Amino acid sequence: MLRFLIAIACTALLSACVGKPALEDEALSARQLNLEEFFDGRVVAYGQFQDVFGTVRRRFDVEIEGTWDGETLKLIEDFVYEDGSTERRVWSLQKTGPETWRGTAPGVIGEATGEERVDTFNWQYTIDLPVPDGTLRVRFDDWMWLLSDTRVLNRAYMKRYGVDIGEVIITFEKQP
């Protein structure tokens, strides 16, 4: 038990030393990320989850169908994992200001909140993720960067009980 506690303490200490993005970081392009434009229509994505030690634990593909009605951005996300399992998540996002968003999806605790800044979007929420033996409640600090008119890079930092447990990396590609 003592070794386990020491391992948790070391992991927490190491994860506290890792730098994370900030909305105040200098924009690397003049591109403007507008979620309602990028995700309106068909988007495909490819990603993976890796634990805090860097071990890739799960890979997936996602097909996303987005609709923007001027107030609500609805995203229907269909995940297919490398092991053949599937998952559907349906997001409902509302634009609350020129650069701010809030949203809900099944499993999300309360509301997700986000802010756009030039080519960057930061999205934060707590969610109960389905896992083989139930659900796992995690906190996401989700970052997106517009790389081109048709590509967004996403890096999401995951925490459980305030301790980093891993990250998800996804590339979104807007389809014609």
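The model is predicted, so local features need pLDDT of at least 70 and side-chain atom pairs count only at pLDDT 80 or more, while totals for chains, interfaces and linings use all residues. Residues are numbered from 1 along each chain as its sequence is written, and side-chain values use heavy atoms, with hydrogens and water left out.

The secondary structure of the chain comes to two helices and ten strands; helices (H or I, at least four residues) and strands (E, at least two) are DSSP runs, numbered from the N terminus. Along the sequence, the pattern reads α-α-β-β-β-β-β-β-β-β-β-β. Of the 176 residues in the chain, 38% are buried. Buried means under 20% relative accessible area, exposed means over 50%, and partly exposed lies in between (1.4 Å probe, protein chains only).

The largest pocket holds about 700 Å³ of space. On a 1 Å grid over the protein atoms alone, a pocket is an open set of points where a 1.4 Å probe fits, with protein on both sides within 12 Å along at least five of seven lines, and lining residues have an atom within 4 Å of a point. Grid points are joined across faces, edges and corners, and the volume is the space filled by probe spheres set on the points. Among the 33 lining residues, the closest to the centre of the largest pocket are Phe 79, Arg 89, Leu 129, Phe 140 and Val 168. Strand S7 gives the most to this lining, with six residues. By class, the lining has 27 nonpolar, one polar and five charged residues. Ala, Val, Leu, Ile, Met, Phe, Trp, Tyr, Cys and Pro count as nonpolar, Asp, Glu, Lys and Arg as charged, and the others, Gly among them, as polar.

Strand S7 (residues 120-131) is also the place of Asn 122. Asn 122 counts as buried because its relative accessibility is 9%. Beyond residues up to four places away in sequence, Asn 122 touches several residues, including Leu 23, Glu 115 and Trp 143; contact means heavy atoms within 4.5 Å.

Two loop residues complete the picture. Val 118 lies in the loop between strand S6 (108-117) and S7, and Tyr 161 lies in the loop between S9 and S10. Phi of Val 118 is near 55°, a positive value in a residue other than glycine; phi of Tyr 161 is likewise near 55°. Val 118 counts as partly exposed because its relative accessibility is 29%, whereas Tyr 161, at 74%, counts as exposed.
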